[in-house]
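Hi everyone, thanks for coming.

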Amino acid sequence: MTQPERVPNLFTPARLGAHTLKCRIVFGAHTANMAEGGLPADRHFGYYRERARGGAAMIVVEPTPPHPTAVLTRGNFMADDAVIPHFRRITDECHSHATVMCHQIYHVGAHGDQDNSWSPYWSPSGQVSHHDPWGSHAMSEAEIRELIQAFIDQAVRDRKGGFDGVDLFAGYSCLIDQFWSPLTNRRDDAWGGSLENRLRFVTEIAEGIRKACGPDFIVGMTVSGAEPYPGGLTMADKQEIFAWLDERGLADYFSCGTGSYINRFTAIVPGFHHATPLGTDDAAAIKQVVKHALVTAEARVKTPARAEAAIAGGLCDLVSIVRGQIADPHLANKAREGRADDIRPCISCNQLCIGRRMRDYHISCLVNPSVGREHAWDGDAAPPADKPRHVLVVGGGPAGLETARIAAERGHRVTLVEKAADLGGQFRLAAAQPERDEIGELLGWYRTQLEKLQVRVDLGWEMTAEDIREFGADAVVLSTGSQPTRTGFQRALPHVDALPGAEQENVHAANDVLEGTARPGKRVLLLDDINGWWPASGTALHLADQGHEVTVVTASDKAAEALDGSHLGPSTRERFAKLGVTVICSHTLTRWAGSTATIQNLYTGETQELTFDSLVLATTNTADDALARKLAVDDDIEVHTVGDMVAARTASMAFYEGRALGMTL
Ligand SMILES: Cc1cc2nc3c(=O)[nH]c(=O)nc-3n(C[C@H](O)[C@H](O)[C@H](O)COP(=O)(O)O)c2cc1C
Ligand code: SF4
């Protein structure tokens, strides 16, 4: 049994303006994108209530764009008094758990989203947008004043909605810090030039809020460190700015994130390709120069142990753990109780949090399907079953693991049978890809939880239909997953059932490579028919890492295209470039003969022949539903099916279906 982690510094209170934070863990600002008709509704209420119940000392509720030019998503809150009672419902509930409540106000200046805002983007000097190929509007003085008032009006609305303070979005090269930086602020009037002029915009906003909302009302700022591009502000420049604001009492806290709209956009929500923790050094640099405000470190802090180290080391006063508390809303309480082993780890995949936000859906979480469903499901816990039963789960991949865990938590007696020698299914194979050890942490968490819940786990048993009948469980859950398709079928050639040559011995499935059962030759061609999704890109990186010369052929127009939504496309392409992985886009593979591949350009129809030692197939799997078909004839057995065995998809759907089924058994 592991010793409980000691995190004494994390659970000391901190004074923030007129408020006391019960510990150092903040659930920092992020766009959950859950509003309905511009108003926070049940989904938001349940989402924040669960993190307050879970022990977060402070929650910074998702931003409101205070002005029509600032609107970014379909799920943004409206800047209108109609939100006040809805905010009040959330703040009253979270206050009842002794959570301090702030609310972010944001405007990204030049980098807006005209498809949602139907407005030109407003910026200090009309710089180009880094969100899309368009330009922005250089604000007049009257327009600057209009925006300052919009920020103040929103803060007043927030105060009426029960918030203890606001968080001004002043990082990542957005509107407020576009004013700070001479690179983006070329004005020669009272709003540009000298430091004082460049800081006038934020000063007037902060002073206006202090005046309108009173001295007890927290004014925090989300900021970022050095601007990561030539000509950008250095950390020394930023230190000068923060010290200036701090001396004048304009901020109660600075929360320091990473990345920027101008470049390193993906480091704003850094996936598993980034270091852990990522933002603590920048926070420490800010802490060196501010005397009054608290400093919060953000980005890949994730665990209580890392948070404790940062605070104990004097790098910051507070930590913002966003995805860590999305994945486990009770992270703070579990850490306080010395139950770090029970914290469900975020795997830094970005698939359902920022991955869904970028596609303008409300967020959820791959490892925690209750995210966004907290109101409907009463949070992250499972209600006790009316009548405990014996549940047999066949298949120990994501769907089976989650069904077994939830069923056992609800009081059922659960047996989980897996044909392989270890749990995890295809997710275990994904953990073999470079830098994906956080998947291994998640599987370790499942093993611990199943053991604590006394789930009987039988490994190395491929159950037949007869075995299942004889077993005599009250309910049977089939989560037998999916298998590699192995035909080389490609979407671009829907009339070709099988790639000529796919049956050769030097053709392997990506799963076989990750499992280590296939040993491809030196020169590998990887056929990617899944737009660069992890089984393709991750296997290519795995092979390159092991010294193979890897060429990827894909019908996509861009390498690792499917990973862009989850902020991991650029860092995957960076790895391809550094490891010498060649990607041939917009091509299909029409023949594999001996060791010769014939590939065809999708646009011109031209073909060419290339030589490799082996071909690896990363194509859509086929559902493994044989058991379900055999058991369907047995009317007296209660059989349920979940995950890939219903249809081959992502792990997120498997975890979700496992949870949803487990709640109803
Ligand atoms: C879905 C999502 C949306 C985000 N939106 C915002 C936002 O609107 N404002 C903001 O300041 N930060 C936003 N962030 C960044 C987070 O505040 C935080 O800096 C980032 O997630 C890194 O911290 P973490 O590793 O603890 O998740 C967002 C993060 C996520 C996951
Ligand atoms: S979707 Fe992935 S990155 Fe996002 S919170 Fe969940 S596990 Fe973490």
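Let's start with helix 15, residues 398-409, and helix 23, residues 651-662: their axes come within 7 Å and cross at roughly 25°. Angles under 35 degrees count as roughly parallel, so that is what we call helix 15 relative to helix 23. Please keep in mind that this is a predicted model.

The crossing of helix 15 and helix 23 is right-handed. Which residues of helix 15 and helix 23 meet? From helix 15 we have Pro 398, Ala 399, Gly 400, Leu 401, Glu 402, Thr 403, Ile 406 and Ala 407. Across from them, helix 23 brings Ala 651, Ala 654, Phe 655, Glu 657, Gly 658, Arg 659, Leu 661 and Gly 662. Sorted by class, this contact of helix 15 with helix 23 holds nine nonpolar residues, four polar and three charged.

Helix 15 has another partner to show you. It also packs with helix 17, residues 437-452, at an angle of about 30°, and here the axes are 10 Å apart. This time the crossing is left-handed. Leu 401, Ala 404 and Arg 405 of helix 15 touch Tyr 446, Gln 449 and Leu 450 of helix 17. That contact of helix 15 with helix 17 comes out as four nonpolar residues, one polar and one charged.

Now, on to another pair. Helix 8, residues 235-247, packs with helix 9, residues 280-289, at about 45°, and their axes are 9 Å apart. Helix 8 and helix 9 are therefore oblique to each other, and they cross in a right-handed sense. On the helix 8 side you'll find Met 235, Gln 239, Phe 242 and Ala 243, and they meet Ala 285, Ile 286 and Val 289 of helix 9. What classes make up the contact of helix 8 with helix 9? Six of its residues are nonpolar, one is polar and none is charged.

Finally, just after helix 10, Gly 314 has a positive phi of about 75°.

Note on methods
Residues numbered from 1 in each chain as written. Chains lettered and ligands numbered in written order. Predicted model: local features only at pLDDT ≥ 70, side-chain atom pairs only at ≥ 80, totals over all residues. Axes fitted to C-alpha atoms, helices over the stretch in contact; angles between N-to-C directions. Helix = DSSP H or I, 4+ residues; strand = E, 2+ residues; numbered from the N terminus. Parallel < 35°, antiparallel > 145°, perpendicular 65-115°, else oblique. Left-handed = near helix turned anticlockwise from the far one by under 90°. Contact = placed C-beta atoms within 7 Å. Nonpolar A, V, L, I, M, F, W, Y, C, P; charged D, E, K, R; others polar.
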